[in-house]
Amino acid sequence: MTIQKISVAKGIHWVEIPEANLRILCGCPMDCVKHLMKRGLIVATEKNGIPCETGPNAILLSDLMLQNGEFANLGDFPVLQMLYKQGLILPNHPNNTGQKPLLIGRQEQVNAQLQYIYRGNYGLVSTQEIEESGVDAQTAAAMMRMKLRFAFGAIRSSRDLLETCIIENEAVTIGPGVTLLRRADNIFEISHEGTSVTVDLNLAPGERYESAYPLGYQMLTREYFAVVHSGDGDGWDVNRPSMSSIVMFQGKIYLVDAGPNLYNNLQSLGIGIDEVEGLFHTHAHDDHFAGITTLMRAGRKIKYFATRLVRASVEKKLSALLAIEEEQFRDYFAVHDLQADSWNDIEGLEVRPCYSPHPLETTIFMFRTLWKDGYKTYAHFADIISLDLLRKMINEDPKQPGIDAATFAKVCNEYLTPAHLKKLDIGGGMIHGVAKDFQEDRSQRILLSHIARELTPEEREIGSNAPHGMMDVLIHGLSDAARRSAFAFLQSALPEMPLHHLRILLNAPIIPLPPGKILLKEGEMPEEIYLVLSGTVDLFRTKEQFSGKVTIGVLIGEDAVLHKQPSRFTYSTACFVQALAIPSFLFLELVERNNLLNVIETMFDRRSFLQATTLFSEGVPYPVLDQIVQAAHSYRVPANHDLTYQDMGKLHIIRSGTVIRSLAGEQVDILSSRDFFGEEMALFGSPSLFSLTTSTETELYQIPGELLQEIPIVRWKLFEGYQKRALQVIHGTGEVGNFKWNNAFNVQIAEMDIHHKKLLEIANGIMEIVHANQGWGPLEKAFSSLVQYTEYHFSAEERLLQRYGYPGLEQHQKKHRLLVEQVHRYREQIKEHQGSAQIDFSQFFNQWIVRHVLNEDRSYSQFLNDKGVY
């Protein structure tokens, strides 16, 4: 057989054609390299006596940027493995034959990976970008000198290191006699000499990418000030999570970094996503970054703590991966910028970020809080550098890559600052620390981390390692944080119940529940109602193949008790859970005594319906869900009713009935109960790309878009579906969608390409309004979106060109002013005629913006690329 195919893990396959010297990693989600190592597809070997590894030499990318909320394409570590561990880039290595790793995929996915790998290697790539993050010019120049020293003197485009192969709708050749054909989205056929294999990179609904290592379950106590060791491995460790910590302070949970498989990591420790108060972020390398989408799927905006410099680097990398604008980072996080080299007070927890030499923007963290004998301190030093290597970087010539002696002295002083507990990166190599630098460190306890091996005897004389989930308690907690949380949740769920009755409920026992315990079965009556205080609980109804998750603040069994009917779901703990176990009789008695039954039943009916939808089936806290229920409006419409531009600022969820979604008069799909529509304008400021018509009498729920803007997990799910449909329209084949993206529009500047695609998307929405003859009302709103986004895009483009001193800026600005005047005039003409012929807008848009992109915008591409901007 000429082709060998191995299914490695969910969404990951290995295809090898020995005769063509082709070894393809098909799918590259987080930790895919670890999966290959565990399957023996990457092993240590030697070539001509030189140590190296085996592994892939090509990557087939997923067609989708995201699958079920997680990054589908993270090619950074596989590429690093090829370049360095296999030796493809190492001077004089026998594997360095001139062959480059091959990236295969759709144009947009390949471009996204090139930009993401570029940002993953270098972070901010110019003094201009560094200065824009609030750093003065002198410091920015010094940082750039050091960055260039790590980069061996030059910032190189990812295209210098990688070959690419674009596959769209036709078969392509990817090796000698090897062809690749896309059969459907994410389904590929690889052929060689009459033999073919099919590779399916799709995840089933609700499936997650697998963890490369099993983690046991633990139940953590909530201490006053403590550190939980949630990871001590590195990006290559097949048995442990990457270096990370959890800082507990006054019962609140803060993460230090967000590595791969963060969801599994937290679940193993009995921590639900909505229990996380905030994230302290050291830097944007994948082993500290890849889990960030887990936090973007919370029921509220989690606080994000980093210096502006680190945040800018993270935003640019995330923007590249998701093809979103950098400003959208704030749609998912509550940003709190930290002042570098200063103590920042976070509600009593003080944190001091210090700049640490690394190829991209990195800070180490010192945490402290006052206690009876002064401060208790924790130092988290992820991705530091060996002082011997740093010393070799000293070069007092300001025009040459390197650092000055003063920087070296400052870093040494920062590294050796004593703490009660200090966790160190001792990964070694060119960019990590070593234990011997801390032989004289006066810290009380030192933990050695960021390695994929056992400690040496010499290292064990300096520090120790920490098993996953081990907790170092710096200050014990004496207050009952769990019962305080229980009171807040009860007060939110039963706001009209008097305080003395809430206290009766609060006197119920708080009990620990082990993983896998069934709390309530479908069809049974509960003896107790469980108020979840920590951890995560799975719920499912197998008859309807429905599943979801509930977290803190949820009352399990409430519906069955209030309705005096058996439970409609089965509830099972997904990890260790703490819950307040309220006797069912007591709960019902107090509800009835306070005449709250009707109010609660009405709220519960609507809440239950929302929870049965994919949008609200997980991660939305009860208080937030109740706000949505109170703001939602229910109404009925007859069959054959046009819904396309009805209440465009609201999301619509179908409670009963069916709705046909069409594009350019052709049916795309049929929406039914629990499906939704209208997110384009309600959340993302774009006119709908589709027409919507009821095929039966239909009951709808309307939810104000501004309410959903603040719920990251809901916004994320809506974004994932919205982006997929929008890209299908502008990249698809056939007549669907009037304005198509083609490679001629690509200006090779990621931010500007994102903007141009958004303009095409809005234009397609306008064409659908015209095609459906919707009249001036919807058209006016759509044109407002076009005008606003055009002005925003032009402003961003001009700032970028000004930042780098583009010589044609003044002429470009004149063109922009003319284009803005033209679109305003055209809008007024449409308004006067209360609509327009379809061909008019098509001609206008092509002459107006498409020609500008093809002519004027493409003229600055090479100039900015030469400045390191892609």
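Reader: Is Cys32 buried or exposed?

Author: This is a predicted model. Buried means under 20% relative accessible area. Cys32 has 2% relative accessibility, so Cys32 counts as buried.

Reader: How many disulfides does the structure hold?

Author: The general idea comes first. A disulfide is a covalent bond between the sulfur atoms of two cysteines. The structure holds zero disulfides. Cys32 is in no disulfide, and the nearest cysteine sulfur, that of Cys28, is 5.5 Å away. The cut-off for a disulfide is 2.5 Å between the sulfur atoms.

Reader: What about Cys354: which cysteine sulfur is nearest?

Author: That of Cys412, 14 Å away. Cys354 is in no disulfide either. Cys354 is buried, at a relative accessible area of 1%.

Reader: Where is Ile59 found?

Author: In strand 6, which covers residues 58–60. Ile59 is buried, with a relative accessibility of 0%.

Reader: Which residues is Ile59 in contact with, leaving aside neighbours within four places in sequence?

Author: Among them are Leu25, Cys28, Val79, Met82 and Ile104. Ser861 lies 802 residues from Ile59 along the chain, and their C-alpha atoms are separated by 27 Å.

Reader: Now helices. At what angle do helix 22 and helix 23 pack?

Author: Two packed helices are described by the angle between their axes and the distance between the axes. Helix 22 (residues 750–771) and helix 23 (residues 776–803) pack at about 165°, and their axes are 10 Å apart. Angles over 145 degrees count as roughly antiparallel, so helix 22 is roughly antiparallel to helix 23. Their crossing is left-handed.

Reader: By class, which residues make the contact of helix 22 with helix 23?

Author: The contact has 16 nonpolar, five polar and three charged residues.

Terms used
Residues numbered from 1 in each chain as written. Predicted model: local features only at pLDDT ≥ 70, side-chain atom pairs only at ≥ 80, totals over all residues. Heavy atoms only, no water. Buried < 20%, exposed > 50% of the residue type's maximum accessible area, 1.4 Å probe, protein only. Helix = DSSP H or I, 4+ residues; strand = E, 2+ residues; numbered from the N terminus. Contact = heavy atoms within 4.5 Å. Axes fitted to C-alpha atoms, helices over the stretch in contact; angles between N-to-C directions. Parallel < 35°, antiparallel > 145°, perpendicular 65-115°, else oblique. Left-handed = near helix turned anticlockwise from the far one by under 90°. Nonpolar A, V, L, I, M, F, W, Y, C, P; charged D, E, K, R; others polar.
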